[in-house]
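Open the model in your viewer and keep the selection tool at hand. This tour goes stop by stop.

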Amino acid sequence: MPERYLLPPDGTDLRSIDAYRKQGGYAAATKALREMTPESVVEVVKESGLRGRGGAGFTTGQKWSFMPKPGGPKPSYLACNADESEPGTFKDRQIMERNPHLFLEGLIIGGYAIHARAAYVYIRGEYITAFRVLSDAIREARGAGLLGKGLFGSDREFDVHLMRGAGAYICGEETGMIESAEGRKGQPRKRPPFPAVSGLWNCPTTVNNVETVSHVPAIITRGAAWFKTIGTPASTGNTLFGISGHVNRPGVYELPLGTPLREIIEVHAGGVRGGRALKAIIPGGVSMPVLSAAQADVAMDHDSLKQVGSLLGTGGIVVMDETACMVRAAIVIARFFRHETCGQCTQCREGTAWLYKLLRRIEAGEGTLDDLKTIDSVGGYMEGQTICALSDAAAWAATGFLRRFRSEFEAHVHERRCPLPESFEP
Amino acid sequence: MSAVASGAPLLSAGLRETIAAETTKYPQPRSALLIALHLIQGELGYVPLQAQREVAELLGIKPIEVREVVTFYPMYHEHPVGRRNIQVCVNIACALGGARQVMRGLEDRLGIAPGGRTPDGQYSLEEVQCLGSCGTAVCVQVNNEPYIENVKPGAIDELLKRIG
């Protein structure tokens, strides 16, 4: 098993500040704040090749370098996206609940690097346990002089505040999250301006995912060169793969980027449940196009997944066995996007409703071959047209299932019923 | 809504104090709106119009700006829900794990449909989207409490016992 640095070793409780410090915790933040300039922190993170773990995979160091130099007219902020709500994704919760001080240490270093006045962590409302664990950790860190005025014995001030979402998926989109954090509906903003120019309260803001900042302490302590020895040249470091669905041992596994998908399914997750055959895999949360069993040898990194027509996304892997109806899977996902569209772009608001309706009709045995064409055409109109990527994701999911499993969709039309009697229900 | 007619404020003094303390964390008090609504719902069980008007005044915004938020976010309820509001995730990992059977089992046992409430006000039932607990499907959340995980479709009695 490769070395972990995000999740605590099995049987170790790192939630208290004492336990975390005993393991060398807060050494990285001490080093960064006392021995390094903010600019050199940015350089190390840039050099490490760390890419965002929230789905888009943007280079973290580069994102940080977009922030203005200090002394400008407005304060800068670090906004942390802890809204984890991409279906199939349940990894950030593991960090927040099991290693809260690692996350705080990452925020402290990140906040220092971008000259932030404070960090605001936007936690999805349902994650009440993560909220409580982090509240305790923040209280401990303040008490120990690691947050607040004069943190780490410096003349700086930096604090971390928790905010709570209330069940809207769209608030995981960075500008939707900013709107929500300002006390509004989470409807994404047009870009430009990008958050680095005008984000939270119209101030320069960097938005980073929970896991992304949690990689930073290890990079500072052990160096960019060490980090690059893990993973692939373009996808460095470990990542948290969440695996769920029809496997024997679902869960979150910390593994190097580039680990073969088949190894994650067969070795780490214990293979497909009940000895059944593998049928389909969503590799990175439901926004990413589905793969067939024949593609399971792909390496789980950004470039390899692109080559097979999907994306790494959040690394949330959903496995489906031979009993699962692909139209039903597409229905569940289409229903989700129909529910979560914020409604401000017509293509998305109307398109998500149409995709769901068409898929329901096909599943009920009332679809036609023209309906399959309509799914493709509606999907086409939804891509690249809207303020944010929710519309694209909804289109990719539906058209992805159709393209990869067309014969099964056609069988629903020809047989006028679902040909998979043992399938799960949507 | 009877609370509208009576002149007494709906939000307690303690609650108002907590909300006021929240506003100090942000450059704009309005940013405390979502957490304020959670606090109100925690105390009242839902967020009636009168409470919306009162929180609008506390944060210096219009009541409609509060209502926009209350109705946009699925976790807030404008009308009373059951004492135990049962939310079953029906998204992909939970669906693969039998969420539909869990849902049907609860509907049968409680005699209500999704979105419904039992006549005695004890239970209400909702379908919800992914709760971020895909590795421990099926996942159920009651009110805003820690999750009930690994729910098995055949074990509705046991689930109801855990729901309480």
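This is a predicted model: local features need pLDDT of at least 70, side-chain atom pairs count only at pLDDT 80 or more; totals for chains, interfaces and linings use all residues.

Helix 6 of chain A passes helix 7 of chain A in a right-handed crossing. Select residues 100–113 for helix 6 of chain A and residues 128–143 for helix 7 of chain A. Their axes come within 9 Å and cross at roughly 60°. That angle makes helix 6 of chain A oblique to helix 7 of chain A.

Now show the side chains at the contact. Helix 6 of chain A brings A:Pro100, A:His101 and A:Leu104. Helix 7 of chain A brings A:Val133, A:Leu134, A:Ala137, A:Ile138 and A:Ala141. Of the residues in this contact, seven are nonpolar, one is polar and none is charged.

Move to A:His115, in the loop between helix 6 and strand 2 (116–123) of chain A. A:His115 is not a glycine, yet its phi is positive, about 60°. Is A:His115 buried or exposed? A:His115 counts as buried, because it has 21 C-beta neighbours inside 10 Å and the cut-off for buried is 20 or more.

## One loop, two stops

Stay in chain A and select the loop between helix 8 (174–181) and strand 5 (205–209). A:Pro193 lies in this loop. The peptide bond from A:Pro192 to A:Pro193 is cis, with omega near 0°.

A:Asn202 sits in the loop between helix 8 and strand 5 of chain A as well. A:Asn202 has a positive phi of about 60° although it is not a glycine. A:Asn202 is partly exposed, with 14 other C-beta atoms within 10 Å.

## Where the chains meet

Show both chains. The contact takes 50 residues from chain A and 36 residues from chain B. On the chain B side, helix 3 (33–44), helix 5 (63–72) and helix 6 (92–96) each give two or more residues. Helix 3 of chain B gives the most, with five residues. The chain B side divides into 20 nonpolar, eleven polar and five charged residues.

Zoom in on B:Phe72, in helix 5 of chain B. Which residues of chain A does B:Phe72 touch? They are A:Ala168, A:Lys185 and A:Gly186. B:Phe72 is buried, with 20 other C-beta atoms within 10 Å.

## Through chain B

Colour chain B by domain: domain 1 spans 2–72 and domain 2 spans 84–163. Their centres, taken over C-alpha atoms, are 29 Å apart.

Finish at B:Val138, in the loop between strand 2 (123–128) and strand 3 (140–142) of chain B. A cis peptide bond joins B:Ala137 to B:Val138, with omega about 0°.

Technical notes
Residues are numbered from 1 along each chain as its sequence is written. Chains are lettered from A and ligands numbered from 1 in the order in which they are written. Axes are lines fitted to C-alpha atoms, for helices over the stretch in contact, and angles run from 0 to 180 degrees between N-to-C directions. Helices (H or I, at least four residues) and strands (E, at least two) are DSSP runs, numbered from the N terminus. Angles under 35 degrees count as roughly parallel, over 145 as roughly antiparallel, 65 to 115 as roughly perpendicular and the rest as oblique. A crossing is left-handed if the near helix is turned anticlockwise from the far one by less than a right angle, and right-handed if clockwise. Two residues are in contact if their C-beta atoms, placed from the backbone, lie within 7 Å. Ala, Val, Leu, Ile, Met, Phe, Trp, Tyr, Cys and Pro count as nonpolar, Asp, Glu, Lys and Arg as charged, and the others, Gly among them, as polar. A residue is buried if 20 or more other C-beta atoms lie within 10 Å of its own, exposed if 12 or fewer, and partly exposed in between; C-beta atoms are placed from the backbone. Domain bounds come from an automatic or database domain assignment. Lists of a residue's contacts leave out its neighbours within four places in sequence.
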